[in-house]
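Work through each task before reading its solution.

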Amino acid sequence: MEMVKFKIDGIELEVPKGTTVLEAARKIGIEIPTLCYLKDVNNPASCRACLVEVGPRLIASCALVAENNMDVKTNTQKVRDARKTVVELLLSNHKRECTTCIRSENCELQKLAKELNIRDIKYEGERTKGIIDDSSTSVVRDQEKCILCGRCISTCGNVQTVHAIGWARRGFATNVTPAYDRALSETVCVNCGQCIIACPVGALHEKENIKDVWKALNDKEKYVVVQTAPAVRVA
Ligand code: FES
């Protein structure tokens, strides 16, 4: 197997060719934050939380393949400032209900904001207007909490091969939604819940209140969930 030799934070490493800097760093216990990356499932290199310094450049380590003689720095002031700005920008377009959010204290964005010592919202501007879709018997979607990491789409499509949700629109209007902006209850969703597990924030969560479950069941599209098997339409 062909190997490459390079350095992370002064530590000399030898890794198989094709290894990313993120994978190599984690193997030796160097923690680099990630939001969009989900090992073997999702790697769009879109969130930029995993930036590292290589020479004069800041590069997303999840998409950076190690090369011979590379000298990577993961914890310089420049890196910390860049990651902080990335998270501040994400927070500038994020629904501000962290204290009451179902994912509070279990949210990857909140955890990273704390680690980066972010104490106020630095950037204010236009905010995405999204919907809360509670039509499903099991999953609630809140688009205004979505950070567009794509982990739910990859999990639903590539892992579960269901393809109930996907990308829509472009630029600031980009969002995650079922095709044609249908309600989740009108899609092929099988209520497996894997998208909820993949979501780093509170944009997807389980329906908690049994009354809401019954309401969804009695609404126009009716599904009964048989464990994780495909949903069975009734009535
Ligand atoms: Fe690398 Fe999102 S984790 S860009």
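**Exercise 1.** Determine which residues asparagine 175 is in contact with, leaving aside its neighbours within four places in sequence.

*Solution.* Contact means heavy atoms within 4.5 Å. Under that criterion, asparagine 175 meets Gln143, Leu148, Gly166, Trp167, Ala168 and Arg169, once neighbours within four places in sequence are set aside. With Arg169, the side chains form a polar contact at 3.2 Å. The relative accessibility of asparagine 175 is 13%, so the residue counts as buried (under 20% relative accessible area, with a 1.4 Å probe and protein chains only).

The model is predicted: local features need pLDDT of at least 70, side-chain atom pairs count only at pLDDT 80 or more, and totals for chains, interfaces and linings use all residues. Residues are numbered from 1 along each chain as its sequence is written, and side-chain values use heavy atoms, with hydrogens and water left out.

**Exercise 2.** State whether arginine 141 is buried or exposed, and find the backbone oxygen that lies 3.1 Å from a polar atom of its side chain.

*Solution.* First, the relative accessible area of arginine 141 is 5%, so this residue is buried. Next, the backbone oxygen at 3.1 Å belongs to valine 176. Finally, Val176 is also among the residues that arginine 141 touches, as are Asp133, Arg182 and Leu204, with residues up to four places away in sequence not counted.

**Exercise 3.** Explain where the largest pocket lies relative to domain 1 and domain 2.

*Solution.* Domain 1 (1–127) and domain 2 (129–233) both contribute lining residues, so the largest pocket lies between them. Its lining comprises 18 residues, and those nearest the centre are Asn93, Thr128, Leu148, Phe172 and Thr174.

Methods:
Buried < 20%, exposed > 50% of the residue type's maximum accessible area, 1.4 Å probe, protein only. Polar contact = N/O pair within 3.5 Å; in protein donor to acceptor, adjacent residues only side chain to side chain. 1 Å grid on protein atoms, 1.4 Å probe; cavity = no way out; pocket = protein on both sides within 12 Å on 5 of 7 lines; lining within 4 Å. Domains from an automatic or database assignment.
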